[in-house]
Each structure stands twice: as structure tokens, then as C-alpha cells.
Amino acid sequence: MATLLGPIPSSSDSNSRAVTSSNTHTANSEVLNNGNNHDDENFLIVSPYTEKPHLLDLRTVDTANQLLAKALVDLKCLRDDYATAPYLEIFNWPEVIGKVQQLAEASNFAWKDSTFYIVVFRSRIPPTTVYADLGVLDKAAHAEATKSGGFLKYWFGSPDEEGRNLATCVWRNQHDARIGSVGEAHRKAAGATRLLYTEWRIERLRLLIKDDLKEWKIDDWVD
């Protein structure tokens, strides 16, 4: 499965610890449409990285995945203790699903049972860690994972006072996540994880959205 590191932001980074600042990730998640390129409307910013290699090409996923990716633009962190809080309590998932409903209705799309794959990476970095190059590794791994396909959302926070942090990915399916984790950039990032972190834990979750969007749930992924 693909798990990105979540780079450590500097004090000037918009991705600061406070919940109100960590939500700036969502402010930049949007369909590009600057009027200069008709192709822009096909690309969605789905992470803090806004360059072309990091954008989701909406033409590469089906309608259900397009709608979820667009709804995840509104994903917001609700708690300062997101590094240790239960996953379901960290983000505004009811609002995200509500946005999926709105988008489906607007496009007259009949939603059928759909399952998506979520990866959660919880970590802790010691004060002695030198992490100047961590962001470079993470960014390269993200571009590689995006190119592999099906990468719908990437969010990461910043470490708390004890060095704990959380990053999360939403994928079209588990197969895409696995393919996204086999490249050279991801292997380098994974190697850095082993060297730079005192502890880390991966959680694999399933997002299930039922027929007609009447029910949804996030629970443990079972192979």
C-alpha cells in the first residue's frame, strides 16, 4: 500500500499546527480553470502540492471517483490533536458525503455501492531528526503515486509538541495504492521513514458509500 511521509513544514508554511491553518490544504484543492487552457478543467488539486505532476486527471477515473475527489476538496481537519485522535473524529466526513450527494444530484448520477481505500499514517519524529530533505522525498513520492493513477486525496498535518503527526490518503481502490507504492521515489521515502521516525503505524480503512448515497461508513479494511 502507498503511504507518503508528510513533510515537516517550516514555521512559515501555511500547513501550521492550528486547525484553522491546517485547513488551508483544502483552500488550494480545486479544479484548475484560469481561462488560458481548456485542459485545466480536467485537473484537480487534491493535495498541498499544486504543480501539474501532482494533479488528479479527472478523465482517468469514473464518475463516482470524480465526484468523491471533488467532494474531498472540502475535507477539513476539526481537531488539534489529529495525530492521536480516532480517525472518524478528525475530519468533516459527513460534510464531504453531503457534497458527494449534491454533486451526484446536480449531474443526475445514480450512485451505486462504491468502496474506496483509505491509508492513515501516524508517526512520531524525535527532536534530533534532521528532516531538511523530508519534504523533497514526500513530494517526489506523491508525484509518482499520482502518475500511477487513482490517487484521490492526500492530506498531512504538522507535528505536535511531542513530534506526533498524521497523514492520510484516499485511493480509488487497494490495487491503485499498491501500484503507487512500488516506485523508486516511494522506496526512498519509505527508507527515510525507517531512519527518521521513532515510531510509525499504518491503518487501512474502507470508505463504503451505499446505493443512492443513503448510507456510508468508514471501517477497517479487510483483505
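**Note on aromatic contacts and the sheet**

1. The charged end of K52 lies over the ring of F43, 4.5 Å from its centre (NZ of Lys or CZ of Arg within 6 Å of the ring centre and within 35 degrees of the ring normal). The model is predicted, so local features need pLDDT of at least 70 and side-chain atom pairs count only at pLDDT 80 or more, while totals for chains, interfaces and linings use all residues. Residues are numbered from 1 along each chain as its sequence is written, and side-chain values use heavy atoms, with hydrogens and water left out.

2. The whole structure holds 12 aromatic pairs (rings of Phe, Tyr and Trp, the last by its six-membered ring, with centres within 6.5 Å; planes under 30 degrees apart are stacked, over 60 edge-to-face, the rest tilted). Y87 and F91 are edge-to-face, because their centres are 5.6 Å apart and their planes stand at 65°. Y87 also forms a tilted pair with W93, at 6.4 Å between centres and 45° between planes.

3. Both Y87 and F91 are buried (under 20% relative accessible area, 1.4 Å probe, protein chains only). W93 is buried as well.

4. Ring pairs also join Y49, F151, Y154, F156 and W171 into a cluster.

5. An open, antiparallel sheet contains five strands in the order 4-5-3-6-7 (strands are DSSP runs of E, at least two residues, numbered from the N terminus; two strands pair if DSSP finds at least two bridges between them). Strand 4 (151-156) and strand 7 (216-220) are at the edges, each with a single partner strand, so one side of each lacks a neighbour in the sheet.

Note on methods. Buried means under 20% relative accessible area, exposed over 50%, partly exposed in between (1.4 Å probe, protein chains only). Helices (H or I, at least four residues) and strands (E, at least two) are DSSP runs, numbered from the N terminus.
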